[in-house]
Amino acid sequence: MDKLNIKKEHLLMFSVFVISTCGLIYELVAGTVASYLLGDSVFQFSTIIGVYLFSMGLGSYFSKFIKSNIIQMFVKVELLIGFVGGFGSVLLFLLFEKLTHFELYLYANVSITGILVGLEIPLLMRLLKDKFTFDDLVSEIFTFDYIGALLASLLFPLVFVPYLGILRTSLFFGFINVVIAFWVIKSFKSELVRESKELFIQTYILGLALLLTFVFATNIQKFADQLIHGENIVVAKSSPYQRIVVSKDKSLYKLYLNGNLQFSSDDEYRYHEALVHPCIGAGNVSDSVFILGGGDGFAVRELLKYDNIKQVTLVDLDKEVTKLFKENPLLSRLNHHALRSPKLTIINTDAYKWVGDKAPKISKLIIDFPDPSTYAVGKLYSLSFYQKLYKTLTPGGTMVIQCTSPFFAPKSYWCINKTLQEAGFFTMPYHTYVPSFGEWGFILASKSPIAMPVINEKIPLKYLSNKHFKAMLDFSKDMTTADSLEVNRLNNQSLVHYFEKEWSRYAQ
């Protein structure tokens, strides 16, 4: 065996590592895009992983029917994976609003990618079967395969999504597959003879297409976001946790997280006044207030209207959100530059972990989490989390939670109320109308019975008053439920099930 052949064979073996990394990245991209666009990350990742692995099994099975031209078939498979996997996320974003049955295309894309990836390793093993002993071949193939999978799973959330974004990540790894194909053609040119020129041309065209798309990925993503939201996009970026989109229509701004509307600048004051001021006017007075969630800074803005509040601590998971609403001049103007206040301390961490490990005793707590549409968020509405908060809240202290809509999702709303009471809290449910969302619900909670809050009407408020708050305590029949509800526990996440079922009736 000459040195050149040794080099070829070991480079082919190393390509297993690269191939497995690419394959897992495509799987992670599909799962992430699906959770961004369709919600319920646990369901999306679970089904996509299942379909992907099953499809890989099909690919491995089909490989036995390839009897000749193994090198040529391997190159073609690499190019197909580069095309389908590389452009996969681009097409998923662009087609989301265009296809009636988007899920069918999603799983077709996952299936085709999985079948092609399933073909790769068997074809490589057949190329190398005469160069290594069987034991060495199997051992090294699977060693490289598993190491590549580990590397992909670590780099995807830590490096690729934050710094490249979803689109560029899939395009980058599509290009890597094309590079593997190019190297194989070049290394085995003498064995391909007539096919090498045609394969080289296909490789150049696909590689150039991937590179050009990579360069213009920001423009493509902006166009896709406009298709999804139907508005001009001011900011569009992916953090390790979610897709962040801010749109503008004339003077109106909207924030979307994973496609879900979080606020509209023309009426957000109704939501945030209703969220913050009843809690401040209930129970003991405190000069220190904590906020969990609320990275847009609007709740902080409302708190800074009180001269007696000297310290505000904001705990929000996503640094990209707090950074955006602190540094972007258009967005920071909306929250009156609240995130720059010397009274404010920002802590970017998981609120569930922070409450359990580092939270001090708290007298006033504002909880402004997204709706419980996934299990990851549902844990922040769980009995376990509320029991932690019960230990953290001082006697006479008060907290408030945004609790989704009692009109559109009454079971979800009253499930949260029941879970709070199960944790030992006295509760005061109330609701208000926000034009962008409809009727929206909140719950005040304390360790002792809650007296009627007194709203300080001397501070500048656009909407809330003591008279109106009393009306907010009244719930019509269509905002209640006669059903027996479960407590939202970590092991059942009943709230997420209620939420999905109720809101699915209003999905487009």
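User: In this predicted model, how many bridges join strand β9 to strand β11?

Analyst: In the predicted model, strand β9 covers residues 393-402 and strand β11 covers residues 438-446, and the two run antiparallel. Within this pairing, T398 stands opposite S446 of β11. The number of bridges that join β9 to β11 is five.

User: Which strands form the edges of the open sheet?

Analyst: Seven strands make up this open sheet, with mixed pairing, and their order is β7-β6-β5-β8-β9-β11-β10. From one strand to the next the twist averages 15°. An edge strand here pairs on one side only, and the strands concerned are β7 (344-347) and β10 (426-434).

User: At what angle does helix α11 run to β8?

Analyst: Helix α11, formed by residues 268-280, lies across β5 (288-293), β8 (362-368), β9, β10 and β11. Relative to β8, the helix runs at about 165°.

User: Which residue meets E268 in a salt bridge?

Analyst: The model has five salt bridges by the rule applied, and one of them involves E268 of helix α11, whose partner lies in helix α12 (residues 298-303). The pair links distant parts of the chain, being 33 residues apart. With a distance of 2.8 Å from N to O, the side chain that meets E268 is that of R301.

User: Are helices α3 and α7 roughly parallel or roughly antiparallel to each other?

Analyst: Helix α3 (residues 70-86) packs with helix α7 (residues 165-187) at an angle of about 165°, their axes being 8 Å apart. Angles over 145 degrees count as roughly antiparallel. The two helices, α3 and α7, are therefore roughly antiparallel.

User: How many nonpolar residues are in the contact of α3 with α7?

Analyst: The crossing of these two helices is left-handed. On the α3 side the contact includes I71, F74, V75 and L79, while the α7 side includes L171, V178, I180 and I185. Alongside six polar residues and one charged residue, the number of nonpolar residues in the contact of α3 with α7 is 11.

User: How many charged residues are in the contact of α4 with α7?

Analyst: The axes of helix α4 (residues 88-95) and α7 come within 7 Å and cross at roughly 145°. From α4 the contact draws on S89, V90 and F93, and from α7 on I166, L167, S170 and L171. These residues divide into five nonpolar and two polar, and the number of charged residues is none.

Conventions
Residues numbered from 1 in each chain as written. Predicted model: local features only at pLDDT ≥ 70, side-chain atom pairs only at ≥ 80, totals over all residues. Heavy atoms only, no water. Pairing = 2+ DSSP bridges. Helix = DSSP H or I, 4+ residues; strand = E, 2+ residues; numbered from the N terminus. Axes fitted to C-alpha atoms, helices over the stretch in contact; angles between N-to-C directions. Contact = heavy atoms within 4.5 Å. Parallel < 35°, antiparallel > 145°, perpendicular 65-115°, else oblique. Left-handed = near helix turned anticlockwise from the far one by under 90°. Nonpolar A, V, L, I, M, F, W, Y, C, P; charged D, E, K, R; others polar. Salt bridge = Lys/Arg side-chain N within 4 Å of Asp/Glu carboxyl O.
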